Amino acid sequence: GVAHVLEGSVRRQGDRVRITAQLVQAEDGFHLWSDTYDGNLDDVFALQERIAQAIASKLQLTLSGTQAQRLVDTGTSNPDAYQLYLRASSTFDRRDGAHMLDAVRQLQEAVALDPNYARAYSRLAALHSILPTYAPGHFADREEQVRGYAQLAIELDPRLAEPWAAMGMSGPLSGGGLVEARQHFEKALQLDPDDITTNFWFGLTLVRSGYNRAGAARIEHALAVDPMVPNLMRWRGVLYLRDGDIANAEQFLKRAAATGLRLAGRELGEIEFRRGATEEAKRIWADGSDPMLSRLSPDARKALADGLFGGDASDRARAVAAIDAYLASDPEFVPGMMALWLVQLGQGAQAMDLERTRVKVDNSDFMAYLFSPSGKSLRQLPEFAAYIRAKGFPALWDKYGAPDMCRKDASGGYRCD
């Protein structure tokens with residue numbers, strides 16, 4: 001839907017860099033403008049400025065005041081700190097579990113180089129909010145780390161939305177934490193309605209409390225701002241998949257996978273299985289589930305794949321036993337995906353109990369299933385009414401209105417179709 005496309009290349013030799021850029025008219029491919037910029041890496045910000053100003057001029061944009069003086073707001077005057085921030089942000093966007101701790105270290109180096117780098121503190125808060133999912137052993141101090149870095153970012157730059165989103169994402173998954181999280185996201189949106197992390201995580205928060213349509217709209221808004229964020233693409237695909245729209249789901253999931261997001265393999269495996277490609281489904285799913293499966297033994301991983309994809313009753317029983325064995329070891333961290341796996345293995349009541357009592361981080365996949373058309377059988381279980389009360393959903397729904405598939409009955413309780 002854009003009118004113009006900027007394309008180009010960067011070539012580097014030693015400390016010298018040459019940037020070639022050209023502006024193309026999207027409708028007919030006509031080249032409106034092209035130019036080449038040479039410089040040293042230590043003046044990369046100046047190069048960015050020159051390019052941005054040239055493009056603005058060619059597009060005949062009317063700028064005034066500080067906009068005309070500086071179009072590229074890097075948040076720091078230290079180029080090394082900025083490069084570290086960009087590297088860490090790439091890991092964050094791709095949910096590259098193997099390098100999450102590297103990303104934390106890069107951001108810590110960035111704030112050591114520039115102690116006033118608010119965005120680096122903000123991204124540290126965001127990273128710590130999801131870190132336990134990808135790096136075992138980083139759960140105990142998670143909320144303290146998120147709030148500490150978020151407060152530093154807010155003090156340095158009160159305009160930033162992401163620190164509030166990080167606090168919203170890291171709060172308790174039940175009780176009063178549900179309302180508090182919503183308030184954090186509302187504050188973030190007041191500061192920046194187009195912030196990608198805020199819209200993405202608020203969308204997930206809405207979905208995992210039953211507001212599917214509003215959640216999908218937030219995620220679509222984030223994609224409109226930046227359509228190439230890998231995990232955003234994956235989650236739009238996940239929501240389509242849970243709604244039963246396989247064609248759109250596959251489109252978004254494949255786009256996410258093409259960016260290097262391995263997580264997309266989890267749902268692409270499901271799609272392959274529906275087509276009858278059982279062994280391919282297992283392979284893709286196992287690769288996409290690696291951060292969670294790494295906590296299990298090789299035998300347990302095989303049992304889980306066999307039970308989820310094409311297994312008979314005995315295969316499913318072995319898969320459930322593998323999950324039970326992991327839980328019996330009293331791990332500090334229980335992945336939210338385990339609750340979803342239990343659902344898919346036919347153990348809905350056990351899944352709800354596990355999510356409520358032992359999953360403390362990242363329950364989005366389970367909740368997106370629970371409140372979707374795919375989760376209708378779960379909502380029909382006799383345990384469901386007690387589950388939503390124990391989670392504290394009625395208080396949230398009383399404040400913000402009934403979610404998509406639920407309604408308030410005469411007794412003041414909620415019934416979900």
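User: Where is Ala135 found, and why is Ala135 called buried?

Analyst: Ala135 is found in the loop between helix 5 and helix 6 (142–156); helices here are DSSP runs of H or I with at least four residues, numbered from the N terminus. Buried means under 20% relative accessible area, with exposed over 50% and partly exposed in between, using a 1.4 Å probe and protein chains only. Ala135 has a relative accessible area of 5%, so Ala135 is buried. This is a predicted model, where local features need pLDDT of at least 70, side-chain atom pairs count only at pLDDT 80 or more, and totals for chains, interfaces and linings use all residues. Residues are numbered from 1 along each chain as its sequence is written, and side-chain values use heavy atoms, without hydrogens and water.

User: What makes helix 17 and helix 18 roughly antiparallel?

Analyst: Angles run from 0 to 180 degrees between N-to-C directions, along axes fitted to C-alpha atoms over the stretch in contact. Under 35 degrees is roughly parallel, over 145 roughly antiparallel, 65 to 115 roughly perpendicular, and the rest oblique. Helix 17 (residues 313–328) and helix 18 (residues 336–344) pack at about 150°, with axes 10 Å apart, and are therefore roughly antiparallel.

User: Which residues make the contact of helix 17 with helix 18?

Analyst: With contact meaning heavy atoms within 4.5 Å, helix 17 brings Val320, Ile323, Tyr326 and Leu327, while helix 18 brings Met338, Trp341 and Leu342.

Terms used
Helix = DSSP H or I, 4+ residues; strand = E, 2+ residues; numbered from the N terminus.
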